[in-house]
Amino acid sequence: MRRHVSFCFALCALALLGCEHPIAVVTPHAEVADLVFTDSLTAAVVMRTTDNRTWSGAPVQLCVDEVRTLVPKPLDFRGVPVDLVSRRDLEIRGESADPIVLWEPLRGRGRLTALAPGTTRVRFLVWHLTHADLVSPWLDVVVHPAASCPINRSSGASL
């Protein structure tokens with residue numbers, strides 16, 4: 001009897017190890033190839049990567065204390081946008097080489113805040129649960145002092 005219980009226990013353990021989750025339980029993996037950022041007010045493309053090697057729209061120009069709300073759109077290898085709002089397992093994170101700018105990720109958008117004058121580089125990560133699916137190239141950012149800011153936002157200038 002004891003042998004029979006041990007055999008059944010071992011058989012159940014092997015069966016559990018061999019089980020796979022049904023498709024509905026497994027989170028699909030996003031194959032992100034590029035990033036596009038649009039202005040939240042105008043929907044104009046502010047900057048984008050090309051083959052995730054270079055940025056168009058660089059360098060980004062900001063003024064101290066300026067907060068720009070941007071809508072990130074990750075693109076798959078076919079150029080089709082990956083919906084960040086419906087994909088709760090994805091977010092866009094940002095890293096700055098110097099703490100003069102800050103990226104605050106929000107659901108479906110984010111805020112780029114200029115904290116101090118100077119020049120730095122930022123890069124963005126498409127974060128999938130516990131790891132980065134994509135790390136963008138570094139993007140140059142110039143933050144101008146508020147008193148001498150050359151950017152005229154009323155003219156519709158973008159980053």
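A residue counts as buried when its relative accessible area is under 20%, as exposed when that area is over 50%, and as partly exposed in between. W103, at 9% relative accessibility, is therefore classed as buried. The model under discussion is a predicted one.

**Open sheet**

- An open sheet is built from 6 strands in the order β3-β2-β1-β5-β8-β7, with antiparallel pairing.
- Its edge strands are β3 and β7, each of which pairs on one side only.
- From one strand to the next, the twist averages 25°.
- Strand β1 (residues 32–39) is paired with β5 in the antiparallel sense through 7 bridges.
- Within that pairing, V32 has D76 in β5 as its bridge partner.
- Strand β5 is also joined to β8 (residues 109–114), again antiparallel, by 4 bridges.
- T69 finds its bridge partner in β8 at R111.
- Strand β7 (residues 101–106) pairs with β8 over 6 bridges, and this pairing is antiparallel.
- Two of the positions facing β8 are L102, which stands opposite T113, and L106, which stands opposite R109.
- The hairpin of β7 and β8 has 2 residues between its strands, and G108 in this hairpin adopts a positive phi near 80°.

**Nonpolar core**

- The largest nonpolar core contains 26 residues.
- The members that touch the most other members are L35, F37, M47, L62, I92, F124 and V143.
- Two or more residues are contributed to this core by each of β1, β2, β4, β6 (90–96), β7, β8, β9 (118–128) and β11.
- Beyond its neighbours within four places in sequence, V143 is in contact with L62, C63, V64, I100, V101, A114, A116, P117 and G118.

**Aromatic residues**

- The search of the whole structure returns 5 aromatic pairs.
- One of them joins W55 and F124 edge-to-face, with 6.1 Å from centre to centre and 70° between the planes.
- This pair links distant parts of the chain, since W55 belongs to strand β3 and F124 to strand β9, 69 residues apart.
- Both partners are buried: W55 has a relative accessible area of 11%, and F124 has one of 1%.
- F124 also forms an edge-to-face pair with W103, at 5.2 Å centre to centre and with 80° between the planes.
- Here too distant parts of the chain are linked, with W103 in strand β7 and F124 in strand β9, 21 residues apart.
- F37, W55, W103 and F124 make up one aromatic cluster.

**Disulfide**

- The whole structure holds 1 disulfide.
- C63 lies in strand β4 (residues 60–63) and C149 in the segment after β11 (139–144), so the pair ties together parts of the chain that are 86 residues apart in sequence.
- C63 is buried, its relative accessible area being 10%, whereas C149 is partly exposed at 22% relative accessibility.

**Backbone with positive phi**

- Most residues other than glycine have a negative phi.
- D51 has a positive phi of about 55°, although it is not a glycine.
- D51 sits in the loop between β2 (45–50) and β3 (54–56), and it is exposed, with a relative accessible area of 56%.
- D65 likewise takes a positive phi, near 70°, as a residue other than glycine.
- D65 is located in the loop between β4 and β5 (67–76), and its 62% relative accessibility classes it as exposed.

Terms used: Residues numbered from 1 in each chain as written. Predicted model: local features only at pLDDT ≥ 70, side-chain atom pairs only at ≥ 80, totals over all residues. Heavy atoms only, no water. Disulfide = S-S within 2.5 Å. Buried < 20%, exposed > 50% of the residue type's maximum accessible area, 1.4 Å probe, protein only. Pairing = 2+ DSSP bridges. Axes fitted to C-alpha atoms, helices over the stretch in contact; angles between N-to-C directions. Core = buried A, V, L, I, M, F, W, Y, C linked by side-chain atoms within 4.5 Å. Contact = heavy atoms within 4.5 Å. Phe/Tyr/Trp six-rings, centres within 6.5 Å; stacked < 30°, edge-to-face > 60°.
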